[in-house]
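I opened this structure to note where its side chains pack and pair. The entries follow in the order I looked things up.

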Amino acid sequence: MTKQLFDINKLRCTSCNSSLQLNEAKDKAICSSCGSSFEVKNNKYMFVHVNEEVVSDGLDKIKFFVKKYHVFYNFLVEMISPVYPLANIHTRRIIREKIAGKGLTAINLGSGYSNHSPYLYNVDLLPYPPVDITCDIGNLPFADNSLDYILNVAVLEHVPDPDLAISEMYRVLKPGGELYCFIPFIQGFRASPFDFQRFTKEGMKVRFKKFEIEKVIPTGPTSGFLWIAQEWFAMLLSFGIKPLHRLLHIFFMCTTWPLKFLDIIFDHHPMAHNIASGFSVIVKKPHS
């Protein structure tokens, strides 16, 4: 299945909120009201232009390079990273059961290098190759009530104003539209390129109070512990030497990652939310 250019009728001008039209050459989306124009290149809309090489530290530079090989990178994330990949398991199931072949308009908001399905439009601030629309999550280019489903995995911790981002997701979802969001709780600092906050279970309920909350699912009691332990031992044995710390951190990730699969069991513990690595929330926009 070849992914079509996103329907221009479901987009809006990020400057004045008016409708957009493609020019004759179909290389610009032009506002019908204020005249603002946005580049359309290689079947992609460009509402912002940000340097994709914005990285913050040595480990992030390694991640940035490996992300270009997204299949291999996703394998590393699921296997070598300290986090049990329940969010990825949820994502694949949602695409398979709720999106694929259903004729819905669905986006992966903050997609990065991921490209899960031709039924899913990839949206990100940075112009990674799989991204279909580049934009600011706090000023989405979608019309009100235009989307059926939004996936938003491990993104809101990187956003300086998550409440604004959540309000934008609420605005663009159709009544009855659904949102799946994964947000970390106990995880170490990970800038890609920024990292601003963490969220508790009760905090999630407050953040998404305008929605109908169907589920809040904790995951990763072992993962949260493992992430902190890897970092702590790297700090202990590096004696303040940053390059050594980086090497030790990678070493401990590569030698202790199998422990995270204990979360197949511990995710079902009634107190898992106390030390969860993160939370998945499934919400729906009410009809009225």
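I looked up Lys205 and found it partly exposed, at 36% relative accessibility. The model is a predicted one, and I keep that in mind for every entry.

I searched the whole structure and got 12 salt bridges. I picked out Asp132 with Lys3, where the closest N and O atoms are 3.0 Å apart. This pair links distant parts of the chain: Asp132 is in the loop between strand 6 and strand 7, and Lys3 is in the segment before strand 1, 129 residues away. Are the two partners buried or exposed? Asp132 counts as buried because its relative accessibility is 11%, under the 20% limit. Lys3 is likewise buried, at 18%.

I then took Asp144, which forms a salt bridge with Arg171 at 2.6 Å between the closest N and O atoms. Asp144 sits in the loop between strand 7 and strand 8 and Arg171 in helix 4, 27 residues apart. Asp144 is partly exposed, at 42% relative accessible area, whereas Arg171 is buried, at 17%.

I came back to Lys3 and found its charged end over the ring of Tyr121, 5.7 Å from the ring centre. I noted a second case, Lys285, which lies over the face of Tyr170 at 4.9 Å from the ring centre.

How many residues does the largest nonpolar core have? I noted 43, and those with the most contacts inside it are Phe142, Leu156 and Phe208. Elements that give two or more residues to this core include strand 2 (28–31), strand 3 (37–41), strand 8 (147–153), helix 4 (162–172) and strand 9 (173–184). The largest share, 5 residues, comes from helix 4. Another core lies apart from it, with 11 residues, among them Ile94, Ile95, Leu120 and Phe182. In soluble globular proteins, nonpolar side chains tend to be buried together.

I listed its contacts, leaving aside neighbours within four places in sequence; among them are Phe6, Lys10, Leu11, Ile107, Val123, Leu147 and Arg171. Phe142 is buried, with a relative accessible area of 0%.

Entry 6, aromatic pairs. I counted 14 in the structure. Phe6 and Phe142 form one that is edge-to-face, 5.3 Å centre to centre with 65° between the planes. This pair also links distant parts of the chain: Phe6 is in the segment before strand 1 (20–22), Phe142 is in the loop between strand 7 (133–134) and strand 8, and 136 residues separate them. Phe6 is buried, at 3% relative accessible area. I also found Trp232, Phe233, Phe251 and Phe252 linked into a cluster by ring pairs.

Helix 6 (residues 221–238) has 18 residues and reaches 26 Å from its first C-alpha to its last, close to the 26 Å expected at 1.5 Å a residue. I looked up its buried residues, which include Pro221, Leu226, Trp227, Ala229 and Ala234. What covers the buried residues of helix 6? Strand 10 (212–219), helix 7 (242–256) and helix 8 (263–266) are included in the cover. Just after helix 6, Phe239 takes a positive phi of about 55°.

Asn42 has a positive phi of about 50° although it is not a glycine. I placed Asn42 in the loop between strand 3 and strand 4 (44–46), and it is exposed, with a relative accessible area of 63%. Ala154, also not a glycine, has a positive phi of about 55°. Ala154 is in the loop between strand 8 and helix 4, and counts as partly exposed at 21% relative accessibility.

Conventions:
Residues numbered from 1 in each chain as written. Predicted model: local features only at pLDDT ≥ 70, side-chain atom pairs only at ≥ 80, totals over all residues. Heavy atoms only, no water. Core = buried A, V, L, I, M, F, W, Y, C linked by side-chain atoms within 4.5 Å. Buried < 20%, exposed > 50% of the residue type's maximum accessible area, 1.4 Å probe, protein only. Helix = DSSP H or I, 4+ residues; strand = E, 2+ residues; numbered from the N terminus. Contact = heavy atoms within 4.5 Å. Phe/Tyr/Trp six-rings, centres within 6.5 Å; stacked < 30°, edge-to-face > 60°. Lys NZ or Arg CZ within 6 Å of the ring centre and 35° of its normal. Salt bridge = Lys/Arg side-chain N within 4 Å of Asp/Glu carboxyl O. Expected span 1.5 Å × (residues − 1).
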